[in-house]
Amino acid sequence: MQNKQKRIFIITGMSGAGKSQALKMFGDLGFYCVDNLPLALFENFVSYVRQNDATRDIALGVDIREADRLQDIPKLLKLLAKNDFSVKVIFLNASDECLIRRFSETKHKHPLHKKLVAAIAHEREVMAPTLKLADDIIDTSNLNLGELKEKLSSLLSLKRAGDMQISVMSFGFKYGLPKECDIVMDVRFLPNPYYVPKLRNKTGLDKAVQDYIMSFKDARDFAQKFAELIKYLIPKYIKEGKSYLTIAMGCTGGKHRSVFMAHKLAEYLNKLGLSASEFHRDIGM
């Protein structure tokens, strides 16, 4: 086991209340997600997780399809506690009216394969003991996907900026935009060290290049204001449920200006106590 206690969230609730969307959101937050794992295999799964240090935090989807084994959940929760897991049960609920509307709109069949009103009533009866075990109950009747994600992120304690993994990268526009990034900043307005012969073959990680760039007031002002903007935005992204943030800074060739500014931003964020890594995609081009 890793020193960090692994978390297991059991996502359950009424069919149509948003379990599939919740599992997808957990996946976006870096969790290893398993939907409808047969509860008969649960002990084997726990054993696998304990022996595999690389396994991430886990979200398990459990629903009415496991009706015959739902009574085993209390025993499984005790098993998890015995094996030193941090475990929470999240129950997604919604009003009958809302569930009927959602099934009607999507034309999905209820998993109990009964008439819809009867199926919902039966499911509530079967799921009642599981509802009593829930650590958190989320009524999704009036929630959109963004609001659901915000509620889930608050349950995951992703309210501290230090919980977010931040990647700051540099790139050259001449080699194309990065495919996966959340924020792109163009720094081609800054003076270009490429046109200074003694700096041309250096990079933004060299002090001579850094001193040259920072000799300009525009560069100093930009570095300060952009860093303050990112600091302001990070809690906003966390509120939306993001646990990973990629910031890309580009100049013409990805060797001087963007490299230095990405390096400076990553350095600033780490000094704030955040978890920021840096990567220079085109520095060797």
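This tour goes from one selection to the next and says what is there.

**Before you start**

This is a predicted model: local features need pLDDT of at least 70, side-chain atom pairs count only at pLDDT 80 or more, and totals for chains, interfaces and linings use all residues. Residues are numbered from 1 along each chain as its sequence is written, and side-chain values use heavy atoms, with hydrogens and water left out.

**Stop 1: helix 1**

Select residues 19-28, which are helix 1. Helices (H or I, at least four residues) and strands (E, at least two) are DSSP runs, numbered from the N terminus. Color K19, A22, L23, M25 and F26: these are the buried residues of helix 1. Buried means under 20% relative accessible area, exposed over 50%, and partly exposed in between (1.4 Å probe, protein chains only). Look down the axis of helix 1: its buried residues fall within an arc of 160°, so they line one face. The arc is taken from the directions from the helix axis to the C-beta atoms. On the other side of helix 1, S20 and K24 are exposed.

Now show what the buried residues of helix 1 pack against: strand 1, strand 2, strand 3 (58-61), strand 4 (86-93) and helix 6 (145-155). Contact here means heavy atoms within 4.5 Å. Then step to G30, which follows helix 1 and has a positive phi, near 95°.

**Stop 2: aromatic pairs**

Rings of Phe, Tyr and Trp (its six-membered ring) pair if their centres lie within 6.5 Å; planes under 30 degrees apart count as stacked, over 60 as edge-to-face and the rest as tilted. The count by this rule is 8 aromatic pairs. Select F9 and F31: their ring centres are 5.7 Å apart and their planes stand at 75°, so the pair is edge-to-face. F9 is in strand 1 (residues 7-13) and F31 in the loop between helix 1 and strand 2 (32-35), so the pair ties together parts 22 residues apart in sequence. F9 and F31 are both buried.

Move to F189 and F222, another edge-to-face pair, with 5.4 Å centre to centre and 80° between the planes. F189 sits in the loop between strand 7 (183-186) and helix 7 (207-214), and F222 in helix 8 (residues 217-239). F189 is partly exposed at 46% relative accessibility; F222 is buried at 12%.

**Stop 3: charges over rings**

A charge sits over a ring if NZ of Lys or CZ of Arg is within 6 Å of the ring centre and within 35 degrees of the ring normal. Select R188 and F173: the charged end of R188 is 3.7 Å from the centre of the F173 ring. Then try R200, which lies over the face of Y194 at 4.4 Å from the ring centre.

**Stop 4: L60**

Center on L60 in strand 3. L60 is buried, at 1% relative accessibility. Which residues does L60 touch, not counting residues up to four places away in sequence? They are I8, F9, I10, I11, L23, V34, L37, F42 and F45.
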